[in-house]
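The following exercises concern a predicted model of a protein complex. Each task is followed by a solution in steps.

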Amino acid sequence: MTDKSMTPEDVVGRLRSGMTLGIGGWGSRRKPMALVRALLRSEITDLTVVSYGGPDVGLLAAAGRIRRLVAPFATLDSIPLEPHFRAAREAGAFELTELDEAMFMWGLHAAANRLPFLPVRAGLGSDVMRVNPELRTVTSPYADGEELVAVPALRMDAALVHLNRADRLGNAQYLGPDPYFDDLFCEAADAAYVSCEQLVESAELAKAGPPQSLLVSRHCVTGVVECPNGAHFTSCVPDYGRDEAFQKLYASTPWAEFAARFLRGASEQDYQRAVRAWHEEQS
Amino acid sequence: MSSGRSESAAAPVSRAEYCVVACAEAWRDNGEVLASPMGLIPSFGARLAKRTFSPDLLLTDGEAMLVGLDGSAEGWLPYRRHLTMVTGGRRHVMMGASQIDRFGNQNISCVGDWERPSRQLLGVRGAPVNTLNNPVSYWVPRHSLRVFVERVDMVSGVGYDRAEAAGVTRFHRLPRVVSDLGVFDFTGPGHSMRLVSRHPGVAVEQVRAATGFELAGADGEVPYTREPTARELALIREVIDPEGLREREVRG
């Protein structure tokens, strides 16, 4: 059996500038932030990012790594508007493929099922069609004859996701209330990298949660990284909730200042140390 | 009953409380569907409806669980299943609107030119799929010329004119708009916005002046939004929002 365990640097070493990169989680929830931070420490840029956007999008946008964003939104949840996503959009810093949430999900399904598209009843009548002139429609061949949008497959070169537990083979488990779409991201990508709070023996997975919690299967995983607190500052329940105080700091600090204090270190450990130091100052 | 309780019941009805009741009314006679309120006052409205005239409504905890009024889980609704609730039609969402026009086109995406917006907002989110599949109402806490516009900058939620032009009217329905000034629907000429009622204390002229297009029904007599019942007031003040958070969203 293949041991797929690796470091964040190993993961980034397999990525290239210009790639289409899917990022799991949702908004400011269970984002693979440690892997995003590893990306920020690299020279990789010119990315097409596919994401239900949160601070992953904000960080990569602020660092100028995004050429095109494919997303239905970007939000920090408790802070509705992602400030760096906003700033980048208002500066015209990247191209945008703005899709509806359901269109996005069916685009992932299409890619995971190796279909060119899937039909959805969403988009028509809205300006999603205007701002994405490449979108086409299909007409039902049955009696209803309904016209629907043919959402193209959102195929990706690589996917990054973060889950609560995983084994070295790539089987991964979520323990919170929502799987989000992490399994689809892994299935829709040519390579998928899973970071986790804790790397455990395979036999431990079934003890930690019910069978339905085994979300990601090893056949579509390329690498596994143990990153405790690796979703910080997004939520990763039940291991931890969102670090609201730190998220607020992120949202209200000028980018250069934030990056200099928290992102200039040589490793994820440096980041985690800087965060701990900041929290100690606050208390 | 304590004296505090009777004092509270005797206080005059606030604008925010009329808004809670007006939002609750959106879900009257909806039956066994998911009430999806976005924002504080719509959330209080949905809970008021469930506690009174629409007991079969389903509610979520704002995350992935369907919950009863006591907060205990009765079902599972992660995002992927929530989207099925939308397309299956058994849902009535009340969304916000950064802009809304005469025919109910709504924008939450960005202000200005989409290519390079002057103000980037949320993005379209689920507004396109919502408006084509299940009833969509809107809540606007500050009724103004900035929100009620002649043309929205980016059609996120689809209005009646656009739905008709695109031939997607099959499940399209916008039951009502509630603002801090009044209640509106789309039963004006050609499915245009109509003033249904104004909240007590609001003049029709005030509504017209804060609306950037011609509003049907704003010429003749316009009724007032209905009074909450004593039970509804007690529920709002003592059970649903005892901390009075509603008064921060809408003043007056």
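**Exercise 1.** Which polar contact joins the side chains of Asp183(A) and Arg80(B), and at what distance? Describe also the setting of Asp183(A).

*Solution.* 
Step 1. The side chains of Asp183(A) and Arg80(B) are joined by a polar contact of 2.6 Å.
Step 2. Asp183(A) lies in helix α7 of chain A, which spans residues 182–187.
Step 3. Buried means under 20% relative accessible area. Asp183(A) has a relative accessibility of 11% and therefore counts as buried.
Step 4. Beyond its neighbours within four places in sequence, Asp183(A) is in contact with Leu215(A), Val216(A) and Arg80(B).

**Exercise 2.** Characterise the interface of chain B and chain A by its area, its residues and its polar interactions.

*Solution.* 
Step 1. Interface size is often expressed as the accessible area lost when the parts come together. Between chain B and chain A, about 3,500 Å² is buried, with carbon and sulfur atoms giving 53% of this area. In chain B, the residues that lose the most area to chain A are Tyr79(B), Arg80(B) and Trp114(B), which together account for 23% of what that side buries.
Step 2. Chain B contributes 39 residues to the contact, and chain A contributes 42 residues.
Step 3. The rule finds 5 salt bridges across the interface of chain B and chain A. Glu63(B) forms a salt bridge with Arg29(A), in which the closest N and O atoms are 3.6 Å apart.
Step 4. Across the interface of chain B and chain A, 27 residue pairs are in polar contact. On the side of chain B that touches chain A, the elements giving two or more residues are α4 (79–88), β9 (119–120), α5 (127–133) and α6 (160–166) of chain B. The largest share of that side, 5 residues, comes from α5(B).
Step 5. By class, the side of chain B that touches chain A comprises 21 nonpolar, 9 polar and 9 charged residues.

**Exercise 3.** How many residues are buried in helices α2 and α3 of chain A?

*Solution.* 
Step 1. In helix α2 of chain A (residues 33–41), 8 of the 9 residues are buried, and the helix is mostly covered. The buried residues of α2(A) include Met33(A), Arg37(A) and Leu40(A).
Step 2. Helix α3 of chain A (residues 55–62) has 7 of its 8 residues buried, so this helix is largely enclosed by the rest of the structure. Among the buried residues of α3(A) are Pro55(A), Asp56(A) and Leu60(A).
Step 3. After α3(A) comes Gly64(A), with a positive phi near 70 degrees.

**Exercise 4.** Is Ala71(A) buried or exposed, and with which residues is Ala71(A) in contact?

*Solution.* 
Step 1. Ala71(A) belongs to strand β3 of chain A (residues 66–71).
Step 2. Ala71(A) counts as buried because its relative accessibility is 3%.
Step 3. Leaving aside neighbours within four places in sequence, Ala71(A) is in contact with Ser51(A), Thr97(A), Glu98(A), Leu99(A) and Phe104(A).
Step 4. The C-alpha atoms of Ala71(A) and Gly53(A) are separated by 6.4 Å, although these residues are 18 residues apart along the chain.

**Exercise 5.** What confidence does the predictor give chain B and the complex?

*Solution.* 
Step 1. Chain B has an average pLDDT of 96, and 96% of the residues score at least 70. Over residues 1–5 of chain B the pLDDT is below 50, and this stretch has 1 contact in the model beyond near neighbours in sequence.
Step 2. For the complex, the predictor gives an ipTM of 0.96 and a pTM of 0.96.

Terms used
Residues numbered from 1 in each chain as written. Chains lettered and ligands numbered in written order. Predicted model: local features only at pLDDT ≥ 70, side-chain atom pairs only at ≥ 80, totals over all residues. Heavy atoms only, no water. Buried < 20%, exposed > 50% of the residue type's maximum accessible area, 1.4 Å probe, protein only. Helix = DSSP H or I, 4+ residues; strand = E, 2+ residues; numbered from the N terminus. Contact = heavy atoms within 4.5 Å. Buried area = accessible area lost by both parts, 1.4 Å probe. Salt bridge = Lys/Arg side-chain N within 4 Å of Asp/Glu carboxyl O. Polar contact = N/O pair within 3.5 Å; in protein donor to acceptor, adjacent residues only side chain to side chain. Nonpolar A, V, L, I, M, F, W, Y, C, P; charged D, E, K, R; others polar. pLDDT = per-residue confidence, 0-100.
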